[in-house]
Structure formats: C-alpha cells, structure tokens
Amino acid sequence: MPELSIVLLSSLQSLLQGWGFPKYRAKQVLDWRNKGVLDPQAMLNVPQEIRAALVAHFGEPPLRLVQRQCASDGTRKYLFALREGGTIETVMIPERKRITVCLSSQLGCILDCPFCYTGRQNFEKNLTGAAIVAQLWMVKADVMVDPLINSTATTPTHLVYMGMGEPLANESGLHQSLAFFLDETGMHLSRRRITVSTSGLLPQITRLGEMFPVNLAISLHSAKNDLRNTLVPINKKYPLTKLRKILDSYPLAEQRYITLEYVMLAGINDQPEDLLALVGYVRKLRERINLIHFNPYPNSGYTATPIKMMDAFASDLVSQGVRATVRRSRGDDIMAACGQLNAHAMRQ
Ligand code: SF4
C-alpha cells in the first residue's frame, strides 16, 4: 500500500471498505489531500474514526513545513522536515502564466560538482516517492492560502527535478513519483510539463526514456572532456562521447528539445575555445543550450561570467545555428537559485 500522498482513489476505496467504512469517504480524503492537507487529523469533514484509522495506517505525513522564505521576485523557498529525519528544500518559481515547482530528490547529493552548493552537503539519503510528491502537495497548499500576485496561474503547472540531489541516482523515488504525476488516476500531468535534470547517469537515462519519457535536461557545463571531468566528475565514468550516444536515442515529444545546462564560470568555461567545443557537440535540431548565471555561495571559489559576456556567448551560439538562451537567476536573494540549495544553510 503506498502512502497517502501517492495513493490512488481505487486503492483508498478498497482500504476504507475493508475497514468497514463507505467508499465515498475515500473521495473526501483525497479532496483534502489535493488541497495539500496530508495530515488525516486535519480533514475536518471526515469522521474521527476514519481519521484515526488513516493515521494508524499511514503514520505521520512524509513532510512538515519548517520555514518559508519569499524572494523579491515572488520565488518562494521552503524548508521541509522529513518524517524519518533531516531537512530538504523545495522552490516555487512563479512566471506570468505558469508556476514551476523545483523538487528535491535526495538529502544532499552523492555527486560532487565543485560549483554546486548542494554538492557540498554530504549525501544522507534518498527521498521516497511519497516525499517527492508531498513537496508538490505542500506548495499547492501554500499557493492556495497565499495566492501569487505576479502570475495568472493559481496552482503549480510545471515540475522540474532540479532541487537537491541527482534524481537518477534515486531511481526508485523518481520512478514512483513520476508514475503518480503522470498516471491518469494520479495527478495526470502531461509529460511535456515535467523535466528531469541529470548530471549524466547513462543507464538511468535510457531507462527513463523507456519508462517515463519526460523532458530531459543535462548538466553539461563543458563540452571539453578534461574540463567536464572537473566540473561534473561523473564524466570520468560516463564521458561526453558515451553521453552523446545516449542523448541521440532519447525519445523526445514533438517540438521538444533536450536542454543542455551550462553554468557560466568566469575564465573557466566561457572562452572562445569553450564555445567552439560546445558548437561542435550540440545537435542543433534536438538540443538547446541554457546558459545559467552562476549563483555564488560562501567559499565557492568561482565567480560568475558577467551578464554582458553571457549575452555575447549566447549570440555567438545563435549565429552558428544553435538554440541558446540565458536563464536569469530567480530567488537569488534567498539562496533559492540554481545550485544554491543546501538545507543545512537555511536553518542557520
Ligand atoms: S549539480 Fe546536481 S549532481 Fe552536481 S552536486 Fe549539485 S545537485 Fe548534485
């Protein structure tokens, strides 16, 4: 039996009926859950004996909100405590017509990309599928009680697995959560609205494409093998040539592209030879480059490429037929931007 955060209607109906309760109560419970209420004791129109039975069966909700921070651009960062101990961060990014939730998949990260703040936090554990899904429920609830003024969207519309952790190093939690997000009896989100970002774990990318062909983003950061060995150490195991073969066979939805993420580090990967290598590596018809402004964190040891230089780098790519955009930082005044998540830091 899955947890309440990912249980489907038919399973909950059978469970309640097995306990001797009418099956229509299952819909009431899931209506609460769909409003982001995961604690059965707070489901006020559900009889007390059902609430007690649910608590006894499912236990405490997988997450509890510890802290919420709001950035000047409307981005919100949440610190959640996991039921089994430890804390994670989740980010909600509002735009004019959409709300994106950036999900964490691990507590810390098993990989060690030197420019990334999460990588500085020791890996502690994988999140369960229920804990991944619960992040979305909690953000939905928050947006419901405190609506956004700078977006016409009233609930999260897009999901990105770009928070703490390498999602493909937690295949079980990733697959469980994707199954629920995509299933027509779960959340029934379109696969075009979900993006999994990975540093490049090749067998797992292949399995993802076979089982859940959602949008794919790769933390590329360099198209030069030696430099990528440093910036994305998993490259030593899965180098660029092998990554290329896997990307070429990843199934894409119509008019969709694989995103190659490229955080720009001054003097490191923003030189003419880096551009040349990138142009040589990218598949112009299937891939696009997302240039990311480096978001500094204490003692990172790297500095950001100036915005003007990033724009020039992007223009040079575009002039050579490559789809390229510059991603502006969101939520950097609350350390909620890319590569800045570190649940230990938020508590201090
Ligand atoms: S960039 Fe991603 S894979 Fe690398 S350390 Fe950070 S969270 Fe982990």
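How many salt bridges are there between domain 1 and domain 2? Please describe the interface of these domains and then turn to the cysteines.

Reply: The model is a predicted one, and the count of salt bridges between domain 1 and domain 2 is zero. Where the two domains meet, 10 residues of domain 1 are in contact with 14 residues of domain 2. Together they bury an area of about 940 Å², and carbon and sulfur atoms give 68% of that area. On the side of domain 1, the residues that lose the most area to domain 2 are S5, I6 and L8, which together account for 47% of what that side buries.

The residues of domain 1 that touch domain 2 comprise five nonpolar, three polar and two charged ones.

The cysteines may be considered next. A search of the whole structure finds zero disulfides. C70 is accordingly in no disulfide, and the nearest cysteine sulfur, belonging to C102, is 16 Å away. A disulfide would require two cysteine sulfur atoms within 2.5 Å. As to accessibility, C70 counts as partly exposed because its relative accessibility is 44%, a value between the limits of 20% and 50%. C109, by contrast, has a relative accessible area of 14% and is therefore buried, the cut-off being under 20%.

Conventions
Residues numbered from 1 in each chain as written. Predicted model: local features only at pLDDT ≥ 70, side-chain atom pairs only at ≥ 80, totals over all residues. Heavy atoms only, no water. Contact = heavy atoms within 4.5 Å. Buried area = accessible area lost by both parts, 1.4 Å probe. Salt bridge = Lys/Arg side-chain N within 4 Å of Asp/Glu carboxyl O. Nonpolar A, V, L, I, M, F, W, Y, C, P; charged D, E, K, R; others polar. Buried < 20%, exposed > 50% of the residue type's maximum accessible area, 1.4 Å probe, protein only.
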